[in-house]
Amino acid sequence: MAALSIRDVVKDYRAGMRVNRVIHGVSAEVADGEFIVIVGPSGCGKSTLLRMVAGLEEITGGQIAIGQRVVNDIEPAERDIAMVFQNYALYPHMSVFDNMAYGLKIARVPREEISVRVRRAAAILEIEAFLDRKPRQLSGGQRQRVAMGRAIVREPQVFLFDEPLSNLDARLRAQTRVEIRKLHAELGVTSLFVTHDQVEAMTLAQRVIVMNAGLIEQIGTPETIYRAPESTFVAGFIGAPPMNLMPVRAEGPRLVRESCELVLSADAPRDGELIMGVRPEHASFDDHGWPMRVELVELLGAERLIHGRLADAPFIVRTDARLASPSPGQVVGLQIAPESLHWFDPTTQKRLPT
Amino acid sequence: MAIEKRVRFGNRWLPWLLVAPQMVIVTIFFFWPAGSALYQSVLLQDAFGGSTQFVGLENFDRLFSDGSYLASFRTTAVFSLLVASCGICIALVLAVMANRVIRGATLYTTLLVWPYAVAPAIAGVLWLFMFAPSVGIVSHALRGLGIEWNHLLNGNQAMALIVMAAVWKQISYNFLFFLAGLQSIPKSLIEAAAIDGARPWHRFWTIVFPLLSPTTFFLLVINIVYAFFDTFAIVDAATQGGPGKDTAILVYKAYYDGFKAMDLGGSAAQSVILMAIVIALTVVQFRYVERRVQY
Amino acid sequence: MVERRPGITLIAHLVLVLGVLLVSFPLYVTLVASTQTSEQIVQQAPMSLWPGSNLIETYRAALFGGQTASGSRISPVAPMLKVSFICAMVIALGKISISMLSAFAFVYFRFPGRTLCFWMVFITLMLPVEVRIGPTYQVVAGLGLLNTYAGLTVPLIASATATFLFRQFFLTVPDELVEASRIDGAGPIRFFIDVLLPLSATSIAALFVIQFIYGWNQYLWPLLFTTDESKYPIVMGIRRMLAGGDAGNEWNVVMATAILAMLPPALVVLLMQKWFVKGLVDAEK
């Protein structure tokens, strides 16, 4: 087990004469034994970053170190890492046992020890019954567990996960998420997990790295990221339904937007153009509150989502389904606690200190 | 993929019309001669069409006790094994290399694939020219190295000549299939093996080659069939089965006996035996290769 | 790629270049030989590896016939090119049309004897021409087709591989297309012409390349079936030129003929390489 250090890492792709920069200098320090999730939309560079840690992509600039060792020029085989691929990448012509034993055989681990390690990992993942089968005889979830088993037996310094749950159906995904958490609690190996699903990020991570367009937007615990997003991107990406973001012009305690006016209980952080953010669950109904015209109501079972327009901007409110539901066309009053308001600078898209 | 279509057109006579051309040709030029070959193989015919006599399996007996026929079997076996193994190995090396280089792969493919367009007869002529004992470039170079080359006298050298010509032509075909096979191996498997600690050489033998085995087996069968039959023109152009009968592969011998030596019954019998061999090879191909494992 | 070491890529390039050189060497020798005179080849053996200056004369002699220095006649190759071209086109186009029609019938119709016909076609896969030469000769002779274009092409037109290729392709065409065209009022022939044919364009192109080469390169068949020089395809005609033994052959003319014989199929392959590769690989699936 070891710490992972990423310093000012840059990645360029060369296409003929043109150079395309996809990662613009990212830095992160992962502590020994920590489970870190890199989350972001497709194309943000998260998989590329993971593959650079793995050694499958060249590092154009900057430095990556595993333990205390800088690994920029070291082959994947020598980095002492293990990776779980999105499509499992199991060797189709080998049995499950041989798949898991492959890396150990190469490392010339004695046969008895290989058997012990493989069986132990198989027991943890509950795949002992499949050891003699070939991958094509297994279901998706079973193959995923074999892929994880293959990573576990190597007892590497770092685990790398490349969107391993994306190919599973929703229920299996939820189940496997729990298993991965339990696994980490038991084995405690430093792990780097890449996903585009913010739910996975929130549930699995000890810390989250939010990436967008080749840059890191924010690093923090799930709670910090949720409660204090550093940018409108993070605010809109984490949380479902996403945070309501509304451009307004502030004058003291008054907010003006599209010939509508909203009054705060205290002054806005500064005058001028601002972006105001409110999470859907932080608005409650109050007859004297800000008027919102209801357009559509969705019942999710335990919750209700009320879509409408506040100050002529789209707005979603999340309420308990046991409360009475407003109807489309109705105007309801919204009450939002001042500490639940987030403020962002429209030019930098970054959080404003309050 | 559906084996049967759900939808059908209802016409009664149209389908017959559609398959008619193919059926007519197949019947006239295939089944009739094939049946005729079977029939003739059990006859003893006077070359001038004078008398015909039913002799049962005597033609076959005669063949199998004929030293030159058995020698032809051995010649064909040696020839096809050499052609298949050389053709496959060389093509595999080239395909692995071509799969490695990112730039230029298409160019190399074009440059390696064009011999497919060359007729076997032409290939025979080309290699004959290069190795012609008196005027050939290569034979001259060999003489400079101390090797006396005269495939008109030396049976082994004649075999080497037709093997080289046959392999030269077949490399293109094998190369294409190996390249396609290599490209169908998911990159993530190679990456997983690399992360597991496998070096390139080890990776090739434990991952790539096993996954390529359906292609290899398929090419083995195809190459053997090729060596048996499509190389007739090479032999006819380059060595005419000689010196003596040293390069008389089975199909060549069948032609020679039928058209030069006028042994119609024997030639027909040889055709029947060849038919049996092809059927066996095709059955092998379909049963073992078509059952290609779906990963 | 995983290992980024430039050394490995360099070795790969070297091996490939070596392969290309080995493969192209015979072609180079042939080209050079066709630019020299017969005396240069025979008397100055070994022949020089640099191009000679006799290009035009050699090719003219090859194409249009002429006289050698020793007075023997060189038969013109131009008519043979014509024969080869006609045969190749007839075989390629004939095979494609017949196979498409059969495949269409097998896939989209149900008729008595369908299975039998299908198996009959399947069996032809197992017996290449070379196996049934003797008896086929008798059949063709009996039908009076020796020395005719028909005799050279028709026996080669029934192909199982083309039929199977089209059958496989047709099976992947969505059923909804047939249903939609039926609703639009089209009968089977209309469907075939307006829908199936355009969709099959790639397969047809691929098959054309392979069948053209196949037809052009036919050797044994013409060897048996034609004694009339005006019906010799060039691939077979070249064989006849080798009668003179090592020194007696007009090697430069022979090599020029070889180049002429190789040119059209090579051109077809190079120009249609994409379809050619697809056709080869698909046909064996």
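This is a predicted model: local features need pLDDT of at least 70, side-chain atom pairs count only at pLDDT 80 or more; totals for chains, interfaces and linings use all residues.
**Chain A: overall make-up**

- Chain A contains eight helices and 19 strands, and its C-alpha trace spans about 75 × 50 × 35 Å along the principal axes.
- Of the 354 residues of chain A, 39% count as buried.
- Among the contacts in chain A with a separation of 6 or more, 63% are accounted for by residues 24 or more positions apart.

- Five strands of chain A form an open sheet in the order β13-β12-β11-β14-β19, with antiparallel pairing.
- The edge strands of this sheet are β13 (260-263) and β19 (342-344) of chain A, each of which pairs on one side only, and the twist from one strand to the next averages 40°.
- A:Ser259 lies in the loop between β12 and β13 of chain A, and its phi is near 60°, a positive value in a residue other than glycine.
- Is A:Ser259 buried or exposed? A:Ser259 counts as exposed, because it has 7 C-beta neighbours inside 10 Å, and a residue is classed as exposed at 12 or fewer.

**Chain A: two further loop residues**

- A:Glu155 is placed in the loop between α4 (140-153) and β7 (158-162) of chain A, and with 14 other C-beta atoms within 10 Å it is partly exposed.
- The peptide bond that runs from A:Ala240 to A:Pro241 is cis, with omega near -5°.
- A:Pro241 is found in the loop between α8 (232-237) and β11 (244-251) of chain A, and β11(A) is itself one of the strands of the open sheet described above.

**Helix pair in chain B**

- Helix α3 (residues 67-100) of chain B packs with helix α7 (residues 155-183) of chain B at an angle of about 40°, and their axes are 6 Å apart.
- α3(B) and α7(B) are therefore oblique to each other, and their crossing is right-handed.
- Sorted by class, the contact of α3(B) with α7(B) has 22 nonpolar and five polar residues, and no charged residues.

**Helix pair in chain C**

- Helix α11 (residues 201-216) of chain C and helix α15 (residues 251-271) of chain C have axes that come within 10 Å and cross at roughly 170°.
- Why are α11(C) and α15(C) described as roughly antiparallel to each other? The crossing angle is roughly 170°, and because angles over 145 degrees count as roughly antiparallel, the two helices are placed in that class.
- On the α11(C) side, C:Val209, C:Phe212, C:Ile213 and C:Trp216 meet C:Pro264, C:Pro265, C:Val268 and C:Val269 of α15(C).
- By class, the contact of α11(C) with α15(C) has eight nonpolar residues, with no polar and no charged ones.

**Contacts between chains**

- The contact of chains B and A takes 16 residues from chain B and 18 residues from chain A.
- On the side of chain B that touches chain A, the elements that give two or more residues are α8 (187-195) and α9 (200-230) of chain B, and α8(B) gives the most, with six residues.
- The residues on that side of chain B divide into ten nonpolar, three polar and three charged.
- The contact of chains C and B takes 88 residues from chain C and 87 residues from chain B.
- Helix α1 (residues 6-34) of chain C gives the most to the side of chain C that touches chain B, with 14 residues.
- By class, the side of chain C that touches chain B has 64 nonpolar, 15 polar and nine charged residues.

Technical notes. Residues are numbered from 1 along each chain as its sequence is written. Chains are lettered from A and ligands numbered from 1 in the order in which they are written. Two residues are in contact if their C-beta atoms, placed from the backbone, lie within 7 Å. Helices (H or I, at least four residues) and strands (E, at least two) are DSSP runs, numbered from the N terminus. Ala, Val, Leu, Ile, Met, Phe, Trp, Tyr, Cys and Pro count as nonpolar, Asp, Glu, Lys and Arg as charged, and the others, Gly among them, as polar. Axes are lines fitted to C-alpha atoms, for helices over the stretch in contact, and angles run from 0 to 180 degrees between N-to-C directions. Angles under 35 degrees count as roughly parallel, over 145 as roughly antiparallel, 65 to 115 as roughly perpendicular and the rest as oblique. A crossing is left-handed if the near helix is turned anticlockwise from the far one by less than a right angle, and right-handed if clockwise. Two strands pair if DSSP finds at least two bridges between them. A residue is buried if 20 or more other C-beta atoms lie within 10 Å of its own, exposed if 12 or fewer, and partly exposed in between; C-beta atoms are placed from the backbone.
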